[in-house]
Amino acid sequence: MATLFDTRQFVNECRDAAAASDAVTATRAVVRDAVRALASGVVALPPLDSMYARRSGGLMLGHDRTLFEDDATTVAIVETEPGHLQPPHDHSMCAVIGVFEGGERNRFYRRVGGRARLATRRVVRPAEVIALRERTVHAISAEAGESCRALHVYLGPLGSRPRSLFHPESGIEEPFDFDTYLYYVRAA
Ligand SMILES: [Fe+2]
């Protein structure tokens, strides 16, 4: 039987990693170990309240839960439901994403004259980890027909750092706003 994933220990490990001299490499290692354990079924997530579901009201994109946030790091569990393409955005800080269930489809965009233009795509599978640079622009969705669950760790205060959102059709950059983010969700 699987033991429960220790969210407090994971947060502590992420905080230590964020303080390391090479914070991205250290955070990648912490997230990699966690998603390998979760993907293998050795450990299982405990039931968690959903912050994202509350904020998104009737629009059910998934269930996100921020486990921790301070000036150095933000730790979140991101659940993405199929059928929704979330809009392009950046984070204004490095990010590490590790998937432990389903496939997280990442679209990566190039910045061209104040707009985002689709450049590449990658599906991140269970036990895989990717790192995003401060100015990386991406948009995520779940693979068709399956929910996706992932650990997202950001090297800064995601909720308070000014960052950008991009219109889903025109690609025009604007300041990030969560209500606008939801308005820009499109069918995947
Ligand atoms: Fe993101």
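**Close-up views of a predicted model**

**View 1. Val11 and its contacts in the predicted model**. Setting aside neighbours within four places in sequence, Val11 is in contact with Leu67, Phe68 and Val75. Val11 itself sits in helix H1. Is Val11 buried, exposed or partly exposed? With 16 other C-beta atoms within 10 Å, Val11 comes out as partly exposed, because a residue needs 20 or more to be buried and 12 or fewer to be exposed. For a sense of distance, take Cys94: it is 83 residues from Val11 along the chain, and the two C-alpha atoms are separated by 17 Å.

**View 2. The open five-stranded sheet**. Reading across, the strands go S3-S4-S11-S6-S9, and the pairing is antiparallel. S3 (64–69) and S9 are the edge strands with a single partner each, so one side of each has no neighbour in the sheet. On average, neighbouring strands here are turned by 20° against each other, ignoring direction.

**View 3. Where S4 meets S11**. Seven bridges join S4 and S11 in the antiparallel sense. To pick out one of the partners, look for Thr80, whose bridge partner in S11 is Cys148. As for how such pairing works, strands of a sheet pair through backbone hydrogen bonds, either parallel or antiparallel.

**View 4. Two helices on the sheet**. Helix H1 lies across S3, S4 and S11, and runs at about 55° to S3. Helix H2 also packs on the sheet, where it touches S6, S9 and S11. The direction of H2 makes about 10° with that of S6.

**View 5. Val153 and the largest nonpolar core**. Which members of this 29-residue core touch the most other members? They are Val31, Val35 and Val153. Helices H1 (7–18) and H2 (23–40) each supply at least two core residues, and so does each of the strands S4 (74–80), S6 (95–101), S9 (129–132) and S11 (148–154). Zooming in on Val153, and leaving out residues up to four places away in sequence, you'll find Cys14, Thr27, Val31, Thr73, Val75, Ala95 and Val96 touching it.

**View 6. Zooming back out to the chain**. Four helices and 14 strands make up the secondary structure. The C-alpha trace spans about 50 × 40 × 30 Å along its principal axes. The radius of gyration is 16 Å, in agreement with the value near 16 Å for a compact globule of 188 residues. Of these 188 residues, 35% count as buried.

Methods. Residues are numbered from 1 along each chain as its sequence is written. This is a predicted model: local features need pLDDT of at least 70, side-chain atom pairs count only at pLDDT 80 or more; totals for chains, interfaces and linings use all residues. A nonpolar core is a set of buried Ala, Val, Leu, Ile, Met, Phe, Trp, Tyr and Cys residues joined through C-beta atoms within 7 Å. Two residues are in contact if their C-beta atoms, placed from the backbone, lie within 7 Å. Two strands pair if DSSP finds at least two bridges between them. Axes are lines fitted to C-alpha atoms, for helices over the stretch in contact, and angles run from 0 to 180 degrees between N-to-C directions. The radius of gyration is taken over C-alpha atoms; the globule rule is 2.2 Å times the number of residues to the power 0.38.
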